[in-house]
Amino acid sequence: MRIGIIGGTGNMGRGLAVRFVKRHIVMIGSRRREKAEETARSLMRYAKGFYQSEMEAEIIFITLPPKAVIPTLSGASSTRSR
Ligand SMILES: NC(=O)c1ccc[n+]([C@@H]2O[C@H](COP(=O)([O-])OP(=O)(O)OC[C@H]3O[C@@H](n4cnc5c(N)ncnc54)[C@H](OP(=O)(O)O)[C@@H]3O)[C@@H](O)[C@H]2O)c1
């Protein structure tokens, strides 16, 4: 399964990533692609870093400071609906 983590460069995001990467494809999201790539490299071999609005995943975790959630998600979109 592809798991995306918005705010994946922070403490909570990295903590989730190291656990999920054993069984899933993990996509670390950041406002800066280079930071996401650096975090992915520093944590684990099979994770990848993305500018977070470009992530396509089946499950997305949001590990942002509370004040950043609405401003960040107002620019997000979904390609699937149930
Ligand atoms: N850390 C803990 O032990 C812990 C425990 C329980 C609950 N939580 C909760 O988990 C959530 C994440 O905590 P955290 O400690 O991992 O947070 P954090 O490290 O402060 O931030 C996570 C990421 O959010 C992005 N970010 C920071 N400020 C932003 C802003 N103003 N606008 C947009 N993005 C911003 C940054 O990513 P980029 O710069 O790469 O974009 C940062 O790496 C919070 O809601 C916190 O209350 C944390």
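Buried residues make up 30% of the 82 residues in the protein chain. The model is a predicted one. Its protein chain contains three helices and four strands, arranged along the sequence in the pattern β-α-β-α-β-β-α.

**Overall surface and contacts**

- The protein chain has an accessible surface of about 6,000 Å², and carbon and sulfur atoms account for 52% of that surface.
- Among the contacts in the protein chain with a separation of 6 or more, 49% are between residues 24 or more positions apart.

**The nonpolar core**

- The largest nonpolar core has nine residues in all: Ile3, Ile5, Ala17, Val21, Val26, Ile28, Ala36, Ala40 and Ala47.
- Strand E1 (2–6), strand E2 (25–30) and helix H2 (33–43) are the elements that each give two or more residues to this core.
- Ile3, one of the core residues, touches Phe20, His24, Ile25, Val26, Met27, Ala57, Ile59 and Phe61, when residues up to four places away in sequence are not counted.

**Strands E1 and E2**

- E1 and E2 pair with each other in the parallel sense, and four bridges join them.
- Within this pairing, Gly4 stands opposite Met27 in E2.
- Five of the six residues of E2 are buried, so this strand is largely enclosed by the rest of the structure.

**Thr39 in helix H2**

- Thr39 lies in helix H2, and it counts as buried because its relative accessible area is 8%, under the 20% limit.
- With neighbours within four places in sequence left aside, Thr39 is in contact with Gly8, Thr9, Arg14 and Ile28.
- The C-alpha atoms of Thr39 and Gly8 are 8.2 Å apart in space, although the two residues are 31 residues apart in sequence.

**Arg31 in the loop between E2 and H2**

- Arg31 is placed in the loop between E2 and H2.
- With a relative accessible area of 69%, Arg31 is over the 50% limit and is therefore exposed.
- Arg31 touches Tyr51 and Gln52, not counting residues up to four places away in sequence.
- Arg31 and Gly7 are separated by 24 residues in sequence, and by 8.0 Å in space from C-alpha to C-alpha.

**Salt bridges**

- The count of salt bridges comes to two.
- In one of them, the side chains of Glu54 and Arg33 meet at 3.0 Å, N to O.
- This pair links distant parts of the chain, since Glu54 is in the loop between strand E3 (48–51) and E4 while Arg33 is in helix H2, 21 residues apart.
- Glu54 is partly exposed, with a relative accessible area of 40%, and Arg33 also counts as partly exposed, at 33% relative accessibility.
- Arg41 forms a salt bridge with Glu38, and the closest N and O atoms of this pair are 3.3 Å apart.
- Arg41 and Glu38 are three residues apart in helix H2, so about one helical turn separates them.
- Arg41 counts as exposed at 58% relative accessibility, whereas Glu38 is partly exposed with a relative accessible area of 45%.

**A nonpolar surface patch**

- Ile60, Ile62 and Leu73 make a nonpolar surface patch of about 220 Å².
- One of these residues, Ile62, lies in strand E4 (residues 59–62).
- Ile62 has a relative accessible area of 41%, which falls between the 20% and 50% limits, so the residue is partly exposed.

Terms used:
Residues numbered from 1 in each chain as written. Predicted model: local features only at pLDDT ≥ 70, side-chain atom pairs only at ≥ 80, totals over all residues. Heavy atoms only, no water. Patch = residues over 30% accessible without salt bridge, like charges linked within 9 Å, V, L, I, M, F, W, Y side chains within 5 Å. Areas by Shrake-Rupley, 256 points an atom, 1.4 Å probe, with all protein chains shown as cover. Salt bridge = Lys/Arg side-chain N within 4 Å of Asp/Glu carboxyl O. Buried < 20%, exposed > 50% of the residue type's maximum accessible area, 1.4 Å probe, protein only. Core = buried A, V, L, I, M, F, W, Y, C linked by side-chain atoms within 4.5 Å. Contact = heavy atoms within 4.5 Å. Pairing = 2+ DSSP bridges.
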